[in-house]
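Here is a short tour of one protein model.

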Amino acid sequence: MQNNFKNLDILFPDFLDIKALTNGDKNVPYSDEVVDFLNQLSSILMKDSESRAYPDVITFAFFCRKANILNLKKKYHSDNIRFGRGLLFHIAPSNVPVNFAYSLVCGLLSGNSNIVRLPSKDFKQVDIILKALKKVTKDISFQLFEKKILLIKYNRDSDVTKYLSAICDVRIIWGGDETINLIRNNNPLAPRAFDITFADRYSICAINAASYLNDVNINGKEFANKIAELFYNDTYLFDQNACTAPHLIVWVGNIERVEEAKKTFWSAMNNLLKIKYSLSAVLAIDKLTNFYKQAVFMDVSKEVGSDNLLWRVNINALTEDIENFRCPAGYFSEFYADNLNFISKVVNKKYQTMGYYGFDKEELLLFINDKSLSGIDRVVPIGKTTDFSLIWDGYDLVNMLTRQVSVL
């Protein structure tokens, strides 16, 4: 592969060596070299003054710490011989800036070489991580990673996707149903290669009203503000575009307590939004249009608010098509329920994450096991929905990105 493809930009490293990427060593998972490399990347990002302005970059840096990676390695125990599959071709989504970096880390930890197509949009977070990668590989002990990583950008009309699909061992597509189908239909894989795809998914949030109010009463107003900040990071940080961002909020408990909890929770959110969030005019129109559409098909009412930063839509029944009325930039459908079981009425394979507050682990496990839900792959506290895990969308990524050798 020469750099003669239309509109191909090589962002890391400063050279193109496809032969090194395709013929490189297939390493064992969690090699010492990778652990040390990621730890050094983490250190540089944590010290970078620009990183501090972007919570998603700091979260990524925290994930790459040696202590965290070694903890993941400890959990990963395997009695079998495993090696990386070879060359991974990652196609990152356009709406989550740091996703490409997590996908790359999965590839490195599983012992593979990696070509990553970066988001088409320009993000400062991407620039910060690229700068850190270049700084790490100035150290001679980490220069081998210049032959294990290739980060690129190119336009959709380029032939690069076809070429890289033909030579890779695994293709990882982040980007939704339309993107997946388009790539699959036009870019065949080699016979032994396969796809790992991350399709369109939806997420919800369940809040135990009594537990929330009890904690606020004990800890005061600042606690309510802290929970609002965590919920903000789950939702507004990416304008509710991430698959992990909840659009449906289910309030569980006594109706009087629910109304009191909603008042406290959303009041704290409103105060935070006025400080941190800026809404574009086009998204404000989208909210109004979506509400009209939802009102045609459902019995709904909108909570009166002082501005367009937050739209709350009360629904009187959970219906299977509730996900059709999702809207970005702070649009939430709210439902009152006596217990968690009501959620099972709408959950299908499209549901990915359930954020929660005020439920204990045993209660959540009982709910998931008892209902045998076809969807919901992650159940995490409010503030943790965007946290990356090596088990994602129900895929054990390190196992899938390695091959197992059996010896009898």
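## How cavities are found

On a 1 Å grid over the protein atoms alone, a cavity is a set of points where a 1.4 Å probe fits but cannot get out; lining residues have an atom within 4 Å of a point. Grid points are joined across faces, edges and corners, and a volume is the space filled by probe spheres set on the points. Rolling a probe the size of a water molecule over the atoms shows where empty space is left.

This is a predicted model: local features need pLDDT of at least 70, side-chain atom pairs count only at pLDDT 80 or more, and totals for chains, interfaces and linings use all residues. Residues are numbered from 1 along each chain as its sequence is written, and side-chain values use heavy atoms, with hydrogens and water left out.

## The largest cavity

Searching the whole structure turns up three cavities of 30 Å³ or more. The largest cavity holds about 80 Å³ of space. Its lining is made of Tyr202, Ser203, Ile204, His247, Leu248, Ile322, Glu323, Phe325, Arg326, Ser333 and Tyr351.

Which elements each supply at least two residues of this lining? They are β8 (202-208) and β9 (246-252). Helices (H or I, at least four residues) and strands (E, at least two) are DSSP runs, numbered from the N terminus. β8 gives the largest share of the lining, three residues. By class, the lining of the largest cavity has six nonpolar, three polar and two charged residues. Here Ala, Val, Leu, Ile, Met, Phe, Trp, Tyr, Cys and Pro count as nonpolar, Asp, Glu, Lys and Arg as charged, and the others, Gly among them, as polar.

## The second largest cavity

The second largest cavity has a volume of about 50 Å³. Leu38, Leu41, Phe60, Phe100, Ala101, Leu104, Val105, Leu108, Ile129 and Leu133 form its lining. Two or more of these residues come from each of α2 (32-47), α5 (99-109) and α6 (124-136).

α5 gives the most to this lining, with five residues. What is the class make-up of the lining of the second largest cavity? There are 10 nonpolar, no polar and no charged residues.

Strand β5 covers residues 149-153, and five of its five residues are buried. Buried means under 20% relative accessible area, exposed over 50%, partly exposed in between (1.4 Å probe, protein chains only). Both faces of β5 are covered. Ile149, Leu151 and Lys153 are on one side, with Leu150 and Ile152 on the other.

Two strands pair if DSSP finds at least two bridges between them. Strand β1 (residues 9-12) runs antiparallel to β5, joined by three bridges. Phe12 stands opposite Leu151 in β5. Strand β4 (residues 113-117) pairs with β5 in the parallel sense over four bridges. Asn114 has Ile149 in β5 as its bridge partner. From β4 the chain crosses through α6 to β5, a right-handed β-α-β crossover. A crossover is right-handed if, with the strands pointing away from the viewer, the path from the first strand over the helix to the second runs clockwise.

In β13, seven of its seven residues are buried. β8 pairs with β13 in the parallel sense over six bridges. β13 also pairs in the parallel sense with strand β14 (residues 378-381), over four bridges.

Thr353 lies in β13, which spans residues 351-357. Is Thr353 buried or exposed? Thr353 counts as buried because its relative accessibility is 1%. Thr353 is the bridge partner of Ser203, and Arg378 in β14 is the bridge partner of Thr353. Contact means heavy atoms within 4.5 Å. Leaving aside neighbours within four places in sequence, Thr353 is in contact with Tyr202, Ser203, Ile204, Thr244, Arg378, Val380 and Thr385.

## Two more residues

Ile173 sits in strand β6 (residues 170-174). Ile173 is buried, with a relative accessible area of 0%. Beyond its neighbours within four places in sequence, the contacts of Ile173 include Ile91, Thr179 and Phe198.

Asp286 is in helix α12 (residues 281-297). Asp286 is partly exposed, at 33% relative accessible area. Asp286 and Pro328 are 42 residues apart in sequence, and 8.2 Å apart in space, C-alpha to C-alpha.

Technical notes
1 Å grid on protein atoms, 1.4 Å probe; cavity = no way out; pocket = protein on both sides within 12 Å on 5 of 7 lines; lining within 4 Å.
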